[in-house]
Amino acid sequence: VRLFGVVPFGMCAGNHDLTFDGKASEHWKKYFPATMGEFADYWIDSYDDNKHNAQRIQINGKTFLFIHLAYLPSDGALEWADKLLSENEDSYATTHSFLIADRNEYGIARRNSRVSLTDIRLHRDGTNAGEDIYEKLIKKHRNVRMVLSGHYTGSYHMELSIEDRVVHAILADYEHNKPFGGNGFLRIIQFVPSENKIYNYTYSPLVDAYKLGEHDSFVLPMNI
């Protein structure tokens, strides 16, 4: 993988990375094998053919845990993540499907949301939609600061108020931007501790342009 030795990274499998019975595709296993952890000391664990993986990264003397969960994760995957999150480090989660901003539905994706758990057209091996991930992991662990997701085309962000804390939830999915299936748009998240702010930008090096919508370019208060 070209990013090794360049920048720390992790990834989660989406529905197009899975077979129809929810297993990792041959391409996923070829390019993102379970042995990836042998090449980077920050790569601490993985589960089920690396569909779910975790990294522990030191930044300015502080330790951060990044956990990535595949599309509709199984109970076993959530139990794996639960054990890692119990170590109480500041944690950030990505999962293929969590927020939805689709037609008339905005918020955490439900089990019966469009193209969610009850849609028979989709790949799956698990029983956990966005609302299940929220109940079983995000609410339980006070050290989770942010949840990133895609799957549903578009962009959206919201603050999840849980007792006396706030978790930032962010959706960014530009796959239907024409004419090039996304046009290379990337969500860039910049943490600036000196300002106590988190800046979100959406930029495409392909077309050299920024998206400036309210859910594409915005600033959040830092919650570390």
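Which residues of H2 are buried? In this predicted model, the buried residues of the helix are Gly 76, Ala 77, Leu 78, Trp 80, Ala 81, Asp 82, Leu 84 and Leu 85. Helix H2 is thus described as mostly covered, with eight of its eleven residues buried.

On the H2 side, the contact is made by Asp 75, Leu 78, Ala 81, Asp 82 and Leu 85; on the H3 side, Ile 133, Lys 136 and Leu 137 take part. By residue class, this contact holds five nonpolar and three charged residues, and no polar ones. Of the H2 residues in the contact, Leu 78, Ala 81, Asp 82 and Leu 85 are listed as buried.

Beyond its neighbours within four places in sequence, His 68 is in contact with Gly 10, Met 11 and Cys 12, with Lys 51, His 52, Asn 53 and Gln 55, and with Trp 80 and Thr 94. Trp 80 is one of the buried residues of H2. Lys 140 stands 72 residues from His 68 along the chain, and the C-alpha atoms of the two are separated by 17 Å.

Aromatic side chains were considered next. The count comes to 14 aromatic pairs. Among them, Trp 28 and Phe 32 form a tilted pair, with 4.8 Å from centre to centre and 50° between the planes. Phe 4, Phe 9, Phe 39, Tyr 42 and Trp 43 form one aromatic cluster. A charged side chain is also placed against a ring: Lys 211 lies over the face of Phe 185, at 4.8 Å from the ring centre.

Several backbone features were found in loops. The peptide bond from Lys 178 to Pro 179 is cis, with omega near 10°. Pro 179 belongs to the loop between strand E9 (165-173) and strand E10 (186-192). Val 115 is not a glycine, yet has a positive phi of about 45°. Val 115 is placed in the loop between strand E6 (105-108) and H3, and its relative accessible area of 14% is under 20%, so Val 115 is buried. A positive phi, near 75°, also occurs at His 151, again a residue other than glycine. His 151 is found in the loop between E7 and strand E8 (154-162). With a relative accessible area of 10%, His 151 is likewise under the 20% limit and therefore buried.

Glu 159 lies in strand E8. Its relative accessibility is 42%, and Glu 159 therefore counts as partly exposed, this class covering values between 20% and 50%. Not counting residues up to four places away in sequence, Glu 159 touches Val 166, Val 167, His 168 and Pro 221. Leu 220 is 61 residues from Glu 159 in sequence, while the C-alpha atoms of the two are 9.3 Å apart in space. Gly 213 occupies the loop between strand E12 (209-211) and strand E13 (218-221). At 28% relative accessibility, Gly 213 counts as partly exposed. From Gly 213 to Tyr 201 the separation is twelve residues in sequence and 10.0 Å in space, C-alpha to C-alpha.

How values were computed
Residues numbered from 1 in each chain as written. Predicted model: local features only at pLDDT ≥ 70, side-chain atom pairs only at ≥ 80, totals over all residues. Heavy atoms only, no water. Contact = heavy atoms within 4.5 Å. Helix = DSSP H or I, 4+ residues; strand = E, 2+ residues; numbered from the N terminus. Nonpolar A, V, L, I, M, F, W, Y, C, P; charged D, E, K, R; others polar. Phe/Tyr/Trp six-rings, centres within 6.5 Å; stacked < 30°, edge-to-face > 60°. Lys NZ or Arg CZ within 6 Å of the ring centre and 35° of its normal. Buried < 20%, exposed > 50% of the residue type's maximum accessible area, 1.4 Å probe, protein only.
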